[in-house]
Amino acid sequence: MEPWFISEEEYNRVSAELRKQASEGKISREEATQKIVEMQQANTMAHIEKSVKEGKTTRAEADALLKKLSYK
């Protein structure tokens, strides 16, 4: 499965929408923040996986980095 990257434009659009929903009381600020963090983590993980696939990073190095970042 190919890593899926979130473009800066998409990230900004989704973040703005989540902040708007929070300001309108549709979701809590904590919920909006958590969703933004999850989006950032997914993007970081995709970049790390791409690095492994391209041979720039070993699987062990990637796993250690993900552990250090406290990602699943």
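The legends below describe views of a predicted model of one protein chain.

**View 1. Overall fold of the protein chain.** The protein chain holds three helices and zero strands, and its elements, read from the N terminus on, follow the order α-α-α. Taken along the principal axes, the box filled by the C-alpha atoms is roughly 45 × 25 × 15 Å. The radius of gyration of the protein chain is 15 Å, whereas a compact globule of 72 residues would have a value near 11 Å.

**View 2. Burial and contacts in the protein chain.** Of the 72 residues in the protein chain, 22% count as buried.

**View 3. Packing of helix 2 against helix 3.** Helix 2, which spans residues 29-53, packs with helix 3, residues 59-68, at an angle of about 165°, and the two axes are 9 Å apart. Because angles over 145 degrees count as roughly antiparallel, helix 2 is roughly antiparallel to helix 3. The crossing of these two helices, helix 2 and helix 3, is right-handed.

**View 4. Residues at the contact of helix 2 with helix 3.** On the side of helix 2, the residues that take part are Met45, Ile48, Glu49 and Val52, and they meet Arg59, Ala62, Leu65 and Leu66 of helix 3. Sorted by class, this contact of helix 2 with helix 3 comprises six nonpolar and two charged residues, with no polar residues.

Key
Residues numbered from 1 in each chain as written. Predicted model: local features only at pLDDT ≥ 70, side-chain atom pairs only at ≥ 80, totals over all residues. Heavy atoms only, no water. Axes fitted to C-alpha atoms, helices over the stretch in contact; angles between N-to-C directions. Helix = DSSP H or I, 4+ residues; strand = E, 2+ residues; numbered from the N terminus. Parallel < 35°, antiparallel > 145°, perpendicular 65-115°, else oblique. Left-handed = near helix turned anticlockwise from the far one by under 90°. Contact = heavy atoms within 4.5 Å. Nonpolar A, V, L, I, M, F, W, Y, C, P; charged D, E, K, R; others polar. Rg over C-alpha atoms; globule rule 2.2 N^0.38 Å. Buried < 20%, exposed > 50% of the residue type's maximum accessible area, 1.4 Å probe, protein only.
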